[in-house]
Amino acid sequence: MSQQVRVYRELDLKYAARIIGRQVIVKTAAYTVLPADAGKLLIANHATVAVTFTLPAVAACKGLTFYFANIGAAGMAITGGTADKMVVTNDAAADTVTYSTANQIIGAACMVWGDGSNYYFFQMSDCTMTITT
């Protein structure tokens, strides 16, 4: 993918996020999400290495919502800050959700909401995800 196409894709996501009132944070390496990142759109953008987002301890995130999207060719992973506390499709005790299936990476998006006891994972794209327990 050319640098120009990558820049346009990133600008499109930033523009879309601004329209819906979200601050955008682009990451090219592993990142530990902070409670202060709630409500922001965290974007993974790396061509060769998947970007891993590690959520804060679930107890610190009661009522907080995090948004994630991927524009990099390598994919992204979202890991719960507390083991076995992610509620994902057919799994009430997941640890990690990964987007790494070929042709199902770019455009992956999800929302994660915390109630102080668990994180609830909402798929916002039709990209394939892998759930690790």
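Before you select anything, meet pLDDT: it is the predictor's confidence in each residue, on a scale from 0 to 100. You need it here because this is a predicted model, in which local features need pLDDT of at least 70 and side-chain atom pairs count only at pLDDT 80 or more, while totals for chains, interfaces and linings use all residues. Residues are numbered from 1 along each chain as its sequence is written, and side-chain values use heavy atoms, with hydrogens and water left out.

**Stop 1: colour by confidence**

Select residues 1–8. Here pLDDT stays under 50, and the model has five contacts for this stretch beyond four places in sequence; a contact means heavy atoms within 4.5 Å. Now widen the selection to helix H1, residues 3–19, where confidence is lowest, with a mean of 54. Confidence is highest in strand E2, residues 31–32, at 98. For the protein chain, the mean pLDDT is 86, and 84% of the residues reach 70 or more.

**Stop 2: the whole chain**

Switch to the cartoon view. How many helices and strands does the protein chain have? The secondary structure comes to one helix and 12 strands. These labels are DSSP runs numbered from the N terminus: helices (H or I) have at least four residues and strands (E) at least two. Of the 133 residues in the chain, 41% are buried. Buried means under 20% relative accessible area, exposed means over 50%, and partly exposed is in between (1.4 Å probe, protein chains only).

**Stop 3: the sheet of seven strands**

Select E1, E3, E5, E10, E11, E7 and E8, in that order: these seven strands form an open sheet with mixed pairing. Two strands pair if DSSP finds at least two bridges between them. Strand E1 (24–27) and strand E8 (91–94) stand at the edges; each has a single partner strand, so one side of each is left without a neighbour in the sheet. From one strand to the next, the twist averages 25°.

Zoom in on E3 and E5, which pair in the parallel sense over four bridges. Leu 41 stands opposite Tyr 67 in E5. Also in strand E5 you will find Thr 65. Is Thr 65 buried or exposed? Its relative accessibility is 17%, so Thr 65 counts as buried. Beyond its neighbours within four places in sequence, Thr 65 is in contact with Ala 38, Gly 39, Met 111, Val 112 and Trp 113.

Then move to Ala 93 in strand E8. Ala 93 is partly exposed, because its relative accessible area is 29%. Not counting residues up to four places away in sequence, Ala 93 touches Asp 84, Met 86 and Thr 133.

**Stop 4: the sheet of five strands**

Next, select E2, E4, E6, E9 and E12, which make an open sheet in that order, again with mixed pairing. E2 and strand E12 (130–132) are at the edges, each with a single partner strand, so one side of each has no neighbour in the sheet. Strand E9 (residues 96–99) pairs with E12 in the antiparallel sense over three bridges. Look for Val 97, which stands opposite Ile 131 in E12.

**Stop 5: the nonpolar cores**

Show side chains for Phe 53, Phe 68, Ile 78, Tyr 99 and Phe 121. Of the 26 residues in the largest nonpolar core, these five touch the most other members. Such a core is a set of buried Ala, Val, Leu, Ile, Met, Phe, Trp, Tyr and Cys residues joined through side-chain atoms within 4.5 Å. Strands that each supply at least two residues include E4, E5, strand E6 (76–79) and strand E11 (119–123). A second, separate core of seven residues includes Leu 41, Ile 43, Ala 69 and Ile 71.

**Stop 6: a buried loop residue**

Finish at Val 58. Where is Val 58 found? Its place is the loop between strand E4 (51–54) and strand E5 (65–70). At 5% relative accessibility, Val 58 counts as buried. Leaving aside neighbours within four places in sequence, its contacts are Thr 82, Lys 85, Gly 116, Ser 117, Asn 118 and Tyr 119.

Note on methods: Axes are lines fitted to C-alpha atoms, for helices over the stretch in contact, and angles run from 0 to 180 degrees between N-to-C directions.
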